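This briefing is meant to be read with the sequence and the model side by side. Please locate each named residue in the model as the points below mention it.

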Amino acid sequence: MTPDVTIPTAVDKATVAQVLRDISLLLQLQGESGFRVRAYDMAADRVAGLPQELGPLVAEGRLESLPGIGPALAEKISELVTTGRLGYLEELRAQFPPGLLELTQLPDVGPKKVARLWRELQVSGIEELERACREGRVRQLSGFGAKSEAKMLEGIAVYRRARGERKLLGEVLPVATALLERVKSAPGVVRASLGGSVRRQAETVADVDIIASAPEAGPVLDALANAPGVAAVLGKGDSKCSVRLEAGDLQVDLRVLPDEDFATALHHFTGSKAHHIRLRNLGHERGLKISEWGVHRDDGTKVRVTEESDLYALLDMQYVPPELREDTGEFEAAREGRLPEDLLTLEDVQGAVHAHSTWSDGRNSLEEMARAAQALGLKYLTVTEHSEAAIYAGGLKVDDLKRQWEEIDRVNADVPGVRLLKGIEVDILESGALDYADSVLEQLEVVIGSIHVRHGMDEDQMTRRLLAALDNPCLQILGHPTGRLINSREPYPVRMDEVLARAAERGVAVEVNGKPARLDIKAEYVRQAVKRGVRLVVSCDAHQKEDLRNLAFAVATARRGWARKGDVLNTLPADRFVTALRERR
Ligand code: DGT
Ligand code: CA
Ligand code: ZN
């Protein structure tokens, strides 16, 4: 390589060292342990310890002069430094689910353990490991016990604390709801509700706020302080109690007030702060002082507010649902009567989109998935396994797919009231082409196209890749369009405005994925999509029957993006849903 043809990028030596360590880990996940693994680890240390940056060494072809860097390593480092990418790393990565590397960051969890957790329990990320430990599934593996489960849970808490992470709504909400039920059944309680970011259904939350009304606060506060799973009582006063839970190191604040103050307190502790500031200003213009303590006139007398809706009525505006209280235009709309009154609700959703079964990387059989959907009152479920290119996820060959249709027919005959739709989550390849031929895709009722590999492309390349996929007349739904994993993977760079515009133009529906770590597309993009007239689906991205409940988080995200029932295709009955998906442009 001559100096004048290589233009080193801004890839610094710390990044290169990290990539080399990742390769070592990925090789170990593959079961390698010997010389190659050590070579990458040692090279990582060497690179990290260099006094100078790598650019000049690469440009001058001097990498191999470093001890421990042979021709193969030198070639990979050059590729990374000059192009910003490394094909070999991407190939290795494609063989494993994205959350697997992060698992190796947990204390006492090495690549060997991670490989077994993945192969034997399909655990592919921290949330799944946490759930597997809680459900006592890890102890069923040979060599693991109840003790290792407890240690891993502790390790997960330590890891998250160290990263100062906010928690996923999907992890917190079940715990929060259980505590709310406990509070509701405490002596004397009149009303009780979740508040704060949990009630606004934010993507991530710092803590849980609960507001309750009762003539006497004491017994209600005790109910929280003595709740199962409380690790410590952080503080307890006349009207407030804060505890820390064992599960997920989560803090819960409970406030108890007389019922006449409930609505204003609930409103206050629901937030957001930004919404409050606007509301208070509006009140001020009308001679009303709105605060944590209620609404007061200038002369100090208190205004009666029984429900939150009374508060908005006092300000001559429409009621604003908690999910919209972020000061992102809801005031203007609510004052002009433009706030949608038919925001999507979970009850509107007739069928669940995006489910995997044991045919690819799911944990439950098709029949188990169908029965679970039926129990939730769903009318249909789209079976969308991975396609062939998704190697790590057990992607289906075309022959497998055809055999699956026979099983779907059988389950549909056996399980009344719910219909499995024949679909696929087909990989969008690097070129933007879909992983199956049109002749196969045309036979399916539901075609979701998603990106699972090659996340490292730049914004131009990625945008072109997605636009090409949208131009394919077989694509019906664009799956998790930005590829992000909250707290662990950034979205890939892509010009979403162009993608959404093309989706609208071509009539491709866009997925609002309800998996708690994905929530993809996010609420801001939902709002842009709705404005552009993009059709949406809310999905559960289920890999086991419990995940069907992810639909609630997709609905929350859609609501935060101001989506109405009519914007979402799976509010339609099955036949009309399938027909609507085929209406491509
Ligand atoms: P989080 O906990 O960070 O996920 O987000 P929030 O919104 O739940 O925030 P949190 O728990 O600190 O407070 C709950 C609500 O209480 C918040 O949304 C609005 C209200 N609040 C708390 N502190 C203030 C404040 O200093 N000023 C105003 N106006 N409201 C506040
Ligand atoms: Ca909060
Ligand atoms: Zn996917």
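By class, 23 nonpolar, 11 polar and 11 charged residues make up the lining of the second largest pocket. The model is a predicted one, and the values given here are computed from it.

- The space in the second largest pocket comes to about 1,300 Å³.
- Its lining consists of 45 residues. Nearest to the centre of the pocket lie Arg93, His455, Ser488, Arg489 and Glu490.
- Helix 1 (13-29), helix 5 (87-93) and helix 6 (100-103) are the elements that each give two or more residues to this lining.
- Helix 1 provides the largest share of the lining, namely five residues.

**The largest cavity**

- One cavity of 30 Å³ or more is counted in the model. The largest cavity holds about 50 Å³ of space.
- The residues that line the largest cavity are Thr264, His267, His268, His276, Leu279, Arg280, Ile290, Ser291 and Glu292.
- At least two residues of this lining come from each of helix 13 (262-270), helix 14 (273-285) and strand 8 (288-291).
- Sorted by class, the lining of the largest cavity contains two nonpolar, five polar and two charged residues.

**The zinc site**

- Which residues coordinate the zinc ion (ligand 3)? The donors are Glu425 (OE), His452 (NE2) and His480 (NE2), at 2.1 to 2.3 Å.
- Along the sequence, the donor residues of the zinc ion (ligand 3) follow the spacing E-x26-H-x27-H.
- Glutamate 425 belongs to strand 13 (residues 419-427), whereas histidine 452 sits in the loop between strand 14 (446-450) and helix 20 (459-471); the pair therefore ties together parts that are 27 residues apart in sequence.
- Glutamate 425 and histidine 452 are both buried.

**The calcium site**

- The calcium ion (ligand 2) is coordinated at 2.2 to 2.3 Å by Asp207 (OD) and Asp209 (OD).

**Aromatic rings and charges**

- Three aromatic pairs are present in the structure.
- A pair of aromatic rings is described by two quantities, the distance of the centres and the angle of the planes.
- Lysine 76 is placed over the face of tyrosine 88, at 4.7 Å from the ring centre.
- Arginine 255 is placed over the face of phenylalanine 269, at 3.9 Å from the ring centre.

**Peptide bonds and backbone angles**

- Most peptide bonds are trans, and most residues other than glycine have a negative phi. The following points list cases that depart from these patterns.
- The peptide bond from glycine 271 to serine 272 is cis, and its omega is near -5°. Serine 272 is located in the loop between helix 13 and helix 14.
- A cis peptide bond also runs from aspartate 520 to isoleucine 521, with omega near 10°. Isoleucine 521 is part of the loop between strand 16 (509-513) and helix 22 (523-532).
- Aspartate 108 has a positive phi, near 65°, although it is a residue other than glycine. Aspartate 108 is found in the loop between helix 6 and helix 7 (111-121).
- With a relative accessible area of 55%, aspartate 108 lies over the 50% cut-off and therefore counts as exposed.
- Aspartate 316 likewise has a positive phi, near 55°. The loop between helix 15 (308-314) and helix 16 (330-335) contains aspartate 316.
- Why does aspartate 316 count as exposed? The relative accessibility of aspartate 316 is 54%, and exposed means over 50%.

**Proline 187**

- Proline 187 lies in the loop between helix 10 (169-184) and strand 2 (191-194).
- The relative accessible area of proline 187 is 52%, so this residue is exposed, the cut-off being over 50%.
- From C-alpha to C-alpha, proline 187 and alanine 552 are 30 Å apart in space, and they are 365 residues apart in sequence.

Methods: Residues are numbered from 1 along each chain as its sequence is written. Chains are lettered from A and ligands numbered from 1 in the order in which they are written. This is a predicted model: local features need pLDDT of at least 70, side-chain atom pairs count only at pLDDT 80 or more; totals for chains, interfaces and linings use all residues. Side-chain values use heavy atoms; hydrogens and water are left out. Rings of Phe, Tyr and Trp (its six-membered ring) pair if their centres lie within 6.5 Å; planes under 30 degrees apart count as stacked, over 60 as edge-to-face and the rest as tilted. A charge sits over a ring if NZ of Lys or CZ of Arg is within 6 Å of the ring centre and within 35 degrees of the ring normal. Donors are N, O and S atoms within 2.8 Å of the metal (3.2 Å for Na, K and Ca); water is not among the atoms, so sites may look incomplete. On a 1 Å grid over the protein atoms alone, a cavity is a set of points where a 1.4 Å probe fits but cannot get out, and a pocket is an open set with protein on both sides within 12 Å along at least five of seven lines; lining residues have an atom within 4 Å of a point. Grid points are joined across faces, edges and corners, and a volume is the space filled by probe spheres set on the points. Helices (H or I, at least four residues) and strands (E, at least two) are DSSP runs, numbered from the N terminus. Ala, Val, Leu, Ile, Met, Phe, Trp, Tyr, Cys and Pro count as nonpolar, Asp, Glu, Lys and Arg as charged, and the others, Gly among them, as polar. Buried means under 20% relative accessible area, exposed over 50%, partly exposed in between (1.4 Å probe, protein chains only).
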